[in-house]
Amino acid sequence: MEIEDSITDMLEIEDSDSIEIPEELPVMAVRDIIIFPSMIVPLFVGREISVGAVNEALANDRLIFLTSQKVADEENPSVDDLYHTGVVASIMRTLQLPDGRLKILTQAMIKADVDEFIQEKPYFRVRITPRGREDETEEPSVEIEALMRNIREQAEKLLNLKGVYTPEIGSLMASIEDPGRLADLVASNLQIKTSRAQELLEMTGTVERLTAVSELLGRELEVSTVQARIQSEAREEMTRTQREYFLREQLRAIKKELGDIDDRAMDTEEYALRIKEADMPEDAEKEALKQLKRLDSMHPDSSEATIVRTYLDWLTELPWSVASRDKLQVKRARKILDEDHYDLEKVKERILEYIAVRRLNRKAKGPILCFVGPPGVGKTSLGRSIARSLGRKFVRISLGGVRDEAEIRGHRRTYVGALPGRIIQGIKRAGTNNPVFMMDEVDKIGADFRGDPAAALLEVLDPEQNNTFSDHYLEVDFDLSKVMFILTANTTDTIPSALLDRLEIIELSGYTSEDKKAIAQKYLIPRQLKEHGLKPGMLDITPAAIDRIIEEYTEEAGLRELERQIGALCRKTALRIAEGEKKSYKITRGNLDKFLGIPRYLPDQLREKSEVGVATGLAWTPYGGEMLEIEATLMPGKGNLTLTGLLGEVMKESAQAALSYARSQADEIGIEPDVFDETDIHIHVPAGAIPKDGPSAGVTLTTALISSLTGRPVERDIAMTGEITLRGRVLPIGGLKEKALAALREGIFTVIIPEQNLKDLEDIPAKIRKKIDFRPVRHMDQVLELTIGPRPWVKKTTSGKKKGIRKKTGTSGTGQKRGRKKSASTK
């Protein structure tokens, strides 16, 4: 309240009774203020309607009617936007400002009510009725006198609280005998809303106005009392802190002069400052200060002091409140992902969805993604691109071979050399509490007597729990809910179900030859040229040469071996250029072996003709799809079944089911029943040194077996996958995309699949679906008709009789697959 100046001005103004008030006056609307009689107010005039009203007032008797707008933001108010009660004011002085506005000093004289608006353009004019003083016709009653005294006392207390009360102000307030003027004086200096102040202005009864002002003044006194107490407490705390700081600085200066500097005290002060700057949660800061107090009482050279100092270092260096600011531009993120990776549309779409959700909800929890696919398909590099697109830090740890739970949760501080777990270490390394955190090889976590790391990951990867993740070393909660976790795996089979339930699985299959070629030209070759210091023009690798590298020097679902071979070309070229042979080299399909040597993998040639007892199956491995040729042959014997090829239990059972199906359908197929008692059956799955297992070889095993029993050759350019029941139903399988890629890679364009797997074709890119003719089947009879021809399936002799199967020894397929040894699964 600026009551001292207000009282002085009000007492010195001219008496309004001596001035004749005209019935019609120009109107100026004011904003965010209610002007009471006797107030002297400076006003800035800028609107045309206000300037016009002021100019008319100055041209006549300098009188103007001031009223307030109901809505302060309205630039062009109408009649309904103005209050109809205001004050008649005299313009005392004017000043033209450099920006074109007018500054006027006005003196409010008397209240008035608007009877009629007689003009609206170019400015308002009104017909008014002035109000008289409330005390003109009545003597102050006892109630009015009591209210006036109460207002004076409250105003005096309020001024004392604010520290602006002086005896002169007390005398001036005591000299105001007019109840209305006292009410106007106090009301004009209270911090109240415009609407409430207008209500006070419109009140006519003296008692009513004094009562309302007294209530408002009491409310202001209560607020000011609380405010003064808060300021006093803050001032005392600040004074105490300043005094302690001053005394410590004096003590340090004295010790420095005496040469008695205590390193331990300096360490304590340094840690105290670091704890304060770390902005930890309350629990963590409490624990840090507790350990700091312990450190202060220890000998600095003791082993325990070293442990406490290390613990405090970890606490103060963690990014408790440091976060990267997300870049949530979808177009920018899409551009970065497309720059770094070819294809992978499903993964890119999921990341863009997350960015879009974050734009709408900043508090959205980060997804926990798991990229599953063969090595070399870009799982780890994709994590880096995601971090770059979001503008976050990237942290990577490998979980392959981890067997100790402490690797995740950390060690207890009671152990020598104890450290936090890899999660907290990664967060510290990132320097922010919201990095993109990649955990590689989650499918290769082990477990032993030291605990189960996969179980420890349950808390880390659960959005409902990881906001209070507790590391055994820290023993205080750390919020991991802002971290975006990305896991990678080659297969989900070895991931515990409880952990798998917390993951959003995104499968990354292998690449086709065309994909590899495009990636090599766009990404791999430019990167290798740069890494080996080769300038443009020094090395030119033709598209045909790239095709041959893919076909004969690599055999993988990913790209690692392809990039290594391109790197080998760059190294050999760099060596020849350094020796001064030539300045540029062109690698073609014809001269490729001069640089890379003889081919490492010869492409599997399809059989020259369809053979009896040889069927082509498709298998899934953690490293991509594979083609398997299953061979069956017959020989005289006692009905024994021999299985070779390092088969697992599931495939052995599939072979037994195939034999049972063939025996049960012997009459329909046209096989003499005694054949099974007088013939030994041998089923072999090359290559014999590679373990094989899985529940999708039943169709291939049955086809090869029945081909041998009937003497009908199997179509050489058809591959198949699926499991069968003893009734011949074909059951669905997994890994269809990888198997389709394997068939395409081996030059097979017709694939028999279970009918229930038709829905999985949506996951296969359209360009692959166009190249492969997928034949859906639901029963084994359909498979046999596609592979060995329509019924009857037993060859006829020239005499029209069935050919004797017992005399047939069978034929076995050839062409064992050559290449890297991998454990195959028919999945």
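Predicted model: local features only at pLDDT ≥ 70, side-chain atom pairs only at ≥ 80, totals over all residues.
**Figure 1. Thr750 and its neighbours around strand β26.** Residues are numbered from 1 along each chain as its sequence is written, and side-chain values use heavy atoms, with hydrogens and water left out. β26 (residues 750–754) pairs in the parallel sense with β27 (residues 773–777) over five bridges, and in the parallel sense with β23 (residues 718–720) over three bridges. (Two strands pair if DSSP finds at least two bridges between them; strands are DSSP runs of E, at least two residues, and helices are runs of H or I, at least four, numbered from the N terminus.) Five of the five β26 residues are buried, so the strand is largely enclosed by the rest of the structure. Buried here is under 20% relative accessible area, exposed is over 50%, and partly exposed is in between, with a 1.4 Å probe and protein chains only. In a regular strand the side chains alternate between the two faces of the sheet. In β26, Thr750, Ile752 and Pro754 point one way while Val751 and Ile753 point the other.

**Figure 2. Leu726 and its contacts.** Leu726 sits in the loop between β24 (723–724) and β25 (730–731) and is partly exposed, with a relative accessible area of 47%. Leave out the neighbours within four places in sequence, and Leu726 is in contact with Ala657, Ser660, Tyr661 and Ser664. Contact means heavy atoms within 4.5 Å. Take Ala657: it is 69 residues from Leu726 along the chain, yet their C-alpha atoms are separated by 6.1 Å.

**Figure 3. Trp320 and Phe478, a tilted pair.** Rings of Phe, Tyr and Trp (its six-membered ring) pair if their centres lie within 6.5 Å; planes under 30 degrees apart count as stacked, over 60 as edge-to-face and the rest as tilted. By this rule there are five aromatic pairs. In this one the ring centres are 5.1 Å apart and the planes are at 50°, so the pair is tilted. The pair links distant parts of the chain, 158 residues apart: Trp320 is in the loop between α10 (303–317) and α11 (330–340), and Phe478 is in strand β11 (residues 477–478). Trp320 and Phe478 are both buried.

Figure 4. Tyr585 and Phe595 make an edge-to-face pair, 6.3 Å centre to centre with 80° between the planes. Tyr585 belongs to strand β15 (residues 585–587) and Phe595 to helix α21 (residues 592–596), 10 residues apart. Tyr585 is buried at 7% relative accessible area, and Phe595 is buried at 6%. (A charge sits over a ring if NZ of Lys or CZ of Arg is within 6 Å of the ring centre and within 35 degrees of the ring normal.) Elsewhere, Arg413 lies over the face of Tyr311, at 3.9 Å from the ring centre.

**Figure 5. The largest nonpolar core, around Ile64.** A nonpolar core is a set of buried Ala, Val, Leu, Ile, Met, Phe, Trp, Tyr and Cys residues joined through side-chain atoms within 4.5 Å. The largest has 63 residues, and those with the most contacts inside it are Met28, Ile64 and Phe65. Strand β5 (residues 102–119) gives the most to this core, with eight residues. Not counting residues up to four places away in sequence, Ile64 touches residues including Leu25, Met28, Val54, Val87 and Ile91. A second, separate core of 51 residues includes Met280, Leu457, Phe478 and Leu499.

Figure 6. The peptide bond from Lys121 to Pro122 is cis, with omega near -5°; Pro122 lies in the loop between β5 and β6 (124–130). Asp279 is not a glycine but has a positive phi of about 55°. Asp279 lies between α8 (263–278) and α9 (282–296) and is partly exposed at 49% relative accessibility. Leu646, also not a glycine, has a positive phi of about 55°. Leu646 is in the loop between β19 (641–644) and α22 (649–664), partly exposed at 47%.
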